[in-house]
2 protein chains.
Amino acid sequence: MSDKIIKLKDIARILSVSESTVSRALRDHPRISQATREKVKTLAEQLDYMPNQVARNLQNRHMNAIGVVVPKLSYYLYAQAISGMEEVAEQLGYNIIICQTNESAEREQAIVQDLLSTRIAGFIISLSSATVDFEHFAKIKRRKVPLVFFNRECEDIHTDRVIIDNFGVAQKAVEHLIERGCKRIAYFGGPAEVQISNRRLEGYRAALTTHQFPLIPAYMVHTEFNSKSAYQAADRLLRLPQPPDAILAFSDQFAYTLYQRARELGIDIPNTLSLIGFNNEPATALLQPALSTVDQPAYAMGKTAAEILFQQIQRPNDYYRAQTKVLQSSLVLRGSTRRS
Amino acid sequence: MSDKIIKLKDIARILSVSESTVSRALRDHPRISQATREKVKTLAEQLDYMPNQVARNLQNRHMNAIGVVVPKLSYYLYAQAISGMEEVAEQLGYNIIICQTNESAEREQAIVQDLLSTRIAGFIISLSSATVDFEHFAKIKRRKVPLVFFNRECEDIHTDRVIIDNFGVAQKAVEHLIERGCKRIAYFGGPAEVQISNRRLEGYRAALTTHQFPLIPAYMVHTEFNSKSAYQAADRLLRLPQPPDAILAFSDQFAYTLYQRARELGIDIPNTLSLIGFNNEPATALLQPALSTVDQPAYAMGKTAAEILFQQIQRPNDYYRAQTKVLQSSLVLRGSTRRS
DNA sequence: TTGTACGCGTTATCAT
DNA sequence: ATGATAACGCGTACAA
């Protein structure tokens, strides 16, 4: 085994054929004789030839990779969703370049800029919570680079998106709490700029309004995505003069914080406080009582987003109408919501 | 804003200078006049020029990206470690291509092959549990592509690695259990091929031997990385005629399964069964009783691996001795280990 | 079926 | 300080 990198030229020289012939033989081009094809392939195998994808990509005009931009990999939903994308990308021979924004708008812009420069084949993006300016997304569209939003999207940009029915499932969750006899229901949400959090808030409000419950500002909490901020907000909410008897949390992580503070304050779950989270993380089933939560189709969301993206990639000049796919999520009821 | 992609040539034509001049100006080459440099940069800015990284990479001979190959993104440790790598890669202007093997050896080989073809600048790899043949790693080294193993490594390959002291910390954990008076201590490990699991097993054995405890085969469990297999193994272990009174689990996830089965069997934690996990996942603190666990420096491991990799990348012809960095992990004691 | 010549966008080398 | 030319490795018209 030599350590020199073999290229098309080497194979061509050895077999005394042209580079084009070798190129065609390796890629099963129709106009090539069976004989030379095998001859070339055999030698390529022997020499452990590997096509230089960079060179190929240069004249393809784009990389055989897609860029995935998410807030944080350690959020359970994104790790799952990325697995779904990989399933699709792998079959088509594409790599996935994953970038975390860490909820920073500046970082998001820099990443988009960089991936555009890398001539990525397409983007799958879930917005950072801090993103308020959308010029970098507009630039992607201007360059006609395929773009699909998922989970956290951006209404101002005309492109495909894959989301869940945040409004509907939050509404359903709150209605469930109402049926179980809860009277003072709170929503423990994310930062005020995060659209999916606000959609859930709207679902919450709709449910309350429908059942003629009052909308109490102190029961509509916004908090940052870090445990310190969440802990303080939980403390404030649970020590209200009139504390809630049920809480719909934006995420399981927030629900964990609420569990913790409730325990410290001696509040009994579910008898004096019912709790519902979001994401159905593995540990939710192990808490005592087990946490009721919303199961999100994270894997399917990633897979669908990738499928739609590759539709865009494979027919670039097709005039298409941007589609919005809404996937179903479902309520998983466990011990943290009271029985009746 | 036009939608045409601007290239060096366009800028050169407009300013009536050569492409080389533009290229130099944009990259702050020393031999360029201040005046033209600014002229070029200003126009580039106006036209929203973005250098084509693919073309650059073609003559760099490699991509400005590193390949990260891990078993599963949803394992907490890997999501954390990747954040550490990103911190380093970002500063150097490198992207990260992340690939999951899903614990499949075939997948791992295919990924390595593909990333080599993509002319990746270097690899950071954590082995799949099924990997027994190392030819694909040897090929990386033969091609002189930088390679760093982390967490799960491969002794047969001479290269850098970043690991934790699995032997030592497992030994320490078992000794702690012995001090607390546990008499029948078991190890609940991963698949028999996984090196880090076996290292922990050795640490376990060393601790028992030192304290003249018997080594009982039924107390040394191997199980696959899926909840079904883990559940069955947990059931078998806990329903032994002489069940253990303490278990060191390979991971928090395994510990969760042991919690669950113990509860179902009415086994009290920690009074009749002490439990220690590995990873210090966020939910461990919330279980009742809270799970004692080994905190691993996952972020630091990723960061260190990336730093070492870039050392290799930046001086490719340096003759260097492969180094092994061992990071410290620590025991976090909580309610799941009995008090005395 | 095969070969020739050129292009992909940029950088390096060697002139000037 | 700037320009001309040849790489980088491969694919693709077009020609033969």
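Keep in mind that the model is predicted. Chain A and chain B bury about 5000 Å² between them, and a search of the whole structure turns up 30 salt bridges over all chains. Chain A also carries two spots worth a look for backbone geometry, with a cis bond at A:Pro270 and another at A:Pro289.

**Where the chains meet**

- The contact draws 48 residues from chain A and 48 residues from chain B.
- Of the roughly 5000 Å² buried between the two chains, 54% sits on carbon and sulfur atoms. On the chain A side, A:Met50, A:Val54 and A:Leu286 lose the most area to chain B, together making up 15% of what that side buries.
- As background, the size of an interface is often quoted as the accessible area lost when the parts come together.
- For polar pairing, the rule finds 21 residue pairs in polar contact across the interface of chain A and chain B, both residues at pLDDT 80 or more.
- Several elements of chain A each supply at least two residues of the side touching chain B: helix 4 (53-60), helix 5 (76-91), strand 2 (95-100), helix 6 (105-117), helix 7 (135-142) and helix 11 (252-264).
- Sorted by class, that side of chain A has 23 nonpolar, 13 polar and 12 charged residues.
- The rule also finds four salt bridges across the interface of chain A and chain B. A salt bridge joins the side chains of A:Glu90 and B:Arg107, at 3.5 Å from N to O.

**Domains of chain A**

- Chain A splits into domain 1 (8-46), domain 2 (63-164 + 298-327) and domain 3 (166-296 + 331-337).
- Going by C-alpha centres, domain 1 of chain A and domain 3 of chain A are 64 Å apart.

- Quick reminder: side chains of opposite charge can pair when their charged atoms come close.
- In chain A, A:Arg199 pairs with A:Glu153 in a salt bridge, with the closest N and O atoms 2.9 Å apart. This pair ties together distant parts of the chain, 46 residues apart: A:Arg199 is in helix 9 (residues 195-210) of chain A, and A:Glu153 is in the loop between strand 4 (147-150) and strand 5 (160-164) of chain A.
- Both A:Arg199 and A:Glu153 are buried, and they belong to a network of salt bridges that also links A:Glu155 and A:Arg161.
- In chain B, the side chains of B:Lys41 and B:Asp28 form a salt bridge at 2.9 Å, N to O. Those two are 13 residues apart, with B:Lys41 in helix 3 (residues 34-47) of chain B and B:Asp28 in the loop between helix 2 (19-26) and helix 3 of chain B.
- B:Lys41 counts as partly exposed because its relative accessible area is 33%, and B:Asp28 is partly exposed too, at 41%.
- Another chain B salt bridge joins the side chains of B:Lys4 and B:Asp10, at 3.3 Å from N to O. B:Asp10 has a relative accessible area of 11%, so this residue is buried.

- For context, most residues other than glycine have a negative phi, and most peptide bonds are trans.
- A:Ile269 and A:Pro270 are joined by a cis peptide bond with omega about 10°, and A:Pro270 is in the loop between helix 11 and strand 9 of chain A.
- The bond from A:Gln288 to A:Pro289 is cis as well, with omega near -5°; A:Pro289 is in the loop between strand 9 and strand 10 of chain A.
- That loop between strand 9 and strand 10 also holds A:Asn280, which is not a glycine but has a positive phi of about 55°.
- A:Asn151 has a positive phi of about 60°, again without being a glycine. A:Asn151 is in the loop between strand 4 and strand 5 of chain A and is buried at 5% relative accessibility.

- A:Thr284 is in the loop between strand 9 (274-278) and strand 10 (292-295) of chain A, and counts as buried because its relative accessibility is 1%.
- Leaving out residues up to four places away in sequence, A:Thr284 touches A:Asp252, A:Tyr256, A:Ala290, A:Leu291, A:Thr293 and A:Arg334.
- B:Arg339, in the segment after strand 12 (330-332) of chain B, is exposed at 70% relative accessible area.

How values were computed:
Residues are numbered from 1 along each chain as its sequence is written. Chains are lettered from A and ligands numbered from 1 in the order in which they are written. Side-chain values use heavy atoms; hydrogens and water are left out. Helices (H or I, at least four residues) and strands (E, at least two) are DSSP runs, numbered from the N terminus. Buried means under 20% relative accessible area, exposed over 50%, partly exposed in between (1.4 Å probe, protein chains only). Contact means heavy atoms within 4.5 Å. Buried area is the accessible area (1.4 Å probe) that two parts lose on being put together, summed over both. A polar contact is a pair of N or O atoms within 3.5 Å; within protein, one must be able to donate a hydrogen and the other to accept it, and residues adjacent in sequence count only if both atoms are side-chain atoms. Ala, Val, Leu, Ile, Met, Phe, Trp, Tyr, Cys and Pro count as nonpolar, Asp, Glu, Lys and Arg as charged, and the others, Gly among them, as polar. Domain bounds come from an automatic or database domain assignment.
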